[in-house]
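User: I would like to learn how to read the features of a structure step by step, from the overall fold down to single residues. Could you take me through one?

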Amino acid sequence: MDVAVIGLGLIGGSVLRALASAGHRVLGYDADPATRATARTAAAQAPANGRWQVARTVRDAVARVELVVIAVPLPAVSGVLDDLASAGYTGLVTDVTSIKGPVQALVDRHLRAGPDRLAGFVGGHPMAGRETSGFGAADPSLFTGCAWVLCLEPGSTSLADWLELAVLITGLNARVVPAVADEHDRAVAAVSHVPHLLASALAAVAADDPLAGTLGAGSFRDGTRVAATRPDLVAAMCGGNAAAVGPALDAVLDALARARAALDTADPIDALRSWLRPGSAARLAWPPRGGTPVELPAEPDALLRLGRAGGWLTRVADDRRTVTAVRPARHDPA
């Protein structure tokens with residue numbers, strides 16, 4: 001497949017490298033000239049069968065491709081969509097932004113505002129971020145085994161487009177998770193966006209104590225790892241999903257308030273033991289273990305039921321009529 005990747009940071013650069021390594025013809029573009037230069041140098045050093053090209057403009061990048069992957073932060077998405085519209089691009093578009101509702105709204109406004117449909121769109125989000133950023137951190141194996149959400153919006157998403165992307169992404173050894181945008185945004189608020197806020201708060205509070213900095217070890221390292229992410233990226237991610245992040249953060253603050261109250265009881269050890277048990281059990285059961293693969297019809301209702309059950313698909317049949325799906329195995333507590 002001929003693919004253009006717009007935005008060559010960690011995720012975009014990794015998509016570029018992964019697709020090129022899988023044999024696709026890939027062009028990349030980044031608004032930063034230095035990033036484009038770095039990507040060109042890396043292409044020249046890549047194996048001959050895994051190279052890519054770097055375009056000078058968005059128009060050049062998308063001129064002859066079948067798919068465009070938008071891999072820029074949320075504040076830059078509208079500009080890229082305007083570039084696609086002005087270029088008259090009519091192929092398939094996806095994105096890797098960590099929030100889906102606002103991106104879908106931007107697509108409707110910039111690519112579908114008139115009577116003519118300029119391009120097909122399937123929102124996407126690979127759950128594979130790291131605290132490092134930039135093209136230099138890009139890794140073609142970043143998506144191996146990761147959950148990659150593809151949004152399947154009833155009445156809006158073309159099933160044929162969705163399956164086309166599912167074929168491409170499972171070809172990168174990722175697990176495709178069907179979802180609708182608002183359910184995705186609520187889920188990632190809890191498991192991605194709020195953890196970034198908590199990590200940042202913990203790191204900032206501990207920074208006031210030099211002794212604590214010296215004594216910090218495994219729990220501090222693991223609990224604050226994502227606090228090293230560029231603040232502008234976290235702000236765009238959490239602020240762009242404010243409607244879902246707010247309630248998710250409130251739920252965590254309420255839980256922490258109960259832990260704080262437990263410290264003031266007559267027997268704080270016993271009170272904390274009770275408070276800690278649910279979280280311990282939840283963490284021991286994560287990540288979900290896959291059950292026995294089954295064949296499901298490649299139909300929107302069946303695919304969305306799979307996603308809501310925490311399942312994923314690993315293959316799309318050649319005739320696009322069925323998918324190989326996996327649901328989480330039932331967890332038996334010890």
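Analyst: What follows goes from the whole chain to single residues. This is a predicted model, in which local features need pLDDT of at least 70 and side-chain atom pairs count only at pLDDT 80 or more, while totals for chains, interfaces and linings use all residues. Residues are numbered from 1 along each chain as its sequence is written, and side-chain values use heavy atoms, with hydrogens and water left out.

User: How many helices and strands does the protein chain have?

Analyst: Such elements are DSSP runs numbered from the N terminus, with helices being H or I runs of at least four residues and strands being E runs of at least two. By that reading, the protein chain has 13 helices and 12 strands.

User: What radius of gyration does the protein chain have, and what would a compact globule have?

Analyst: The radius is taken over C-alpha atoms, and the globule rule is 2.2 Å times the number of residues to the power 0.38. For 334 residues that rule gives a value near 20 Å, and the 21 Å of the protein chain agrees with it. The C-alpha trace spans about 70 × 45 × 40 Å along its principal axes.

User: What share of the residues of the protein chain count as buried?

Analyst: A residue is buried under 20% relative accessible area, exposed over 50% and partly exposed in between, with a 1.4 Å probe and protein chains only. Of the 334 residues, 43% count as buried. For the whole chain, the accessible surface (Shrake-Rupley method, 1.4 Å probe; for residues, only the protein chains shown count as cover) comes to about 16900 Å², of which 56% belongs to carbon and sulfur atoms.

User: What share of the contacts join residues at least 24 apart?

Analyst: A contact means heavy atoms within 4.5 Å. Among contacts between residues at least 6 apart in sequence, 72% join residues at least 24 apart. Leu67, in strand E4 (residues 67–70), gives a local picture: leaving aside neighbours within four places in sequence, Leu67 is in contact with residues including Met1, Val3, Tyr89, Val93 and Leu168. Leu67 is also buried, with a relative accessible area of 0%.

User: Is Asp185 buried or exposed, and which residues does Asp185 touch?

Analyst: Asp185 belongs to helix H7 (residues 181–206) and counts as buried at 7% relative accessibility. Beyond residues up to four places away in sequence, Asp185 touches Ile99, Lys100, Gly101, Pro102, Asn241 and Ala244. By contrast with a contact, a separation can be read between C-alpha atoms: those of Asp185 and Leu19, 166 residues apart along the chain, are separated by 26 Å.

User: Which case shows an exposed residue in a helix?

Analyst: Gln45 lies in helix H2 (residues 33–45) and counts as exposed at 64% relative accessibility.

User: How many aromatic pairs are found in the whole structure?

Analyst: Rings of Phe, Tyr and Trp (its six-membered ring) pair if their centres lie within 6.5 Å, and planes under 30 degrees apart count as stacked, over 60 as edge-to-face and the rest as tilted. The search finds two aromatic pairs. The ring centres of Phe143 and Trp148 are 5.0 Å apart and their planes lie at 50 degrees, so the pair is tilted. Phe143 counts as buried at 1% relative accessibility, and Trp148 is buried at 5%.

User: Where is a cis peptide bond, and which residues have a positive phi without being glycine?

Analyst: The cis bond joins Trp286 and Pro287, with omega about 0 degrees, and Pro287 sits in the loop between helix H12 (268–284) and strand E10 (294–297). Asn173 has a positive phi of about 70 degrees; this residue lies in the loop between helix H6 (159–170) and strand E9 (175–179) and counts as exposed at 52% relative accessibility. Arg320 has phi near 65 degrees, lies in the loop between strand E11 (312–316) and strand E12 (322–326), and is partly exposed, with a relative accessible area of 31%.
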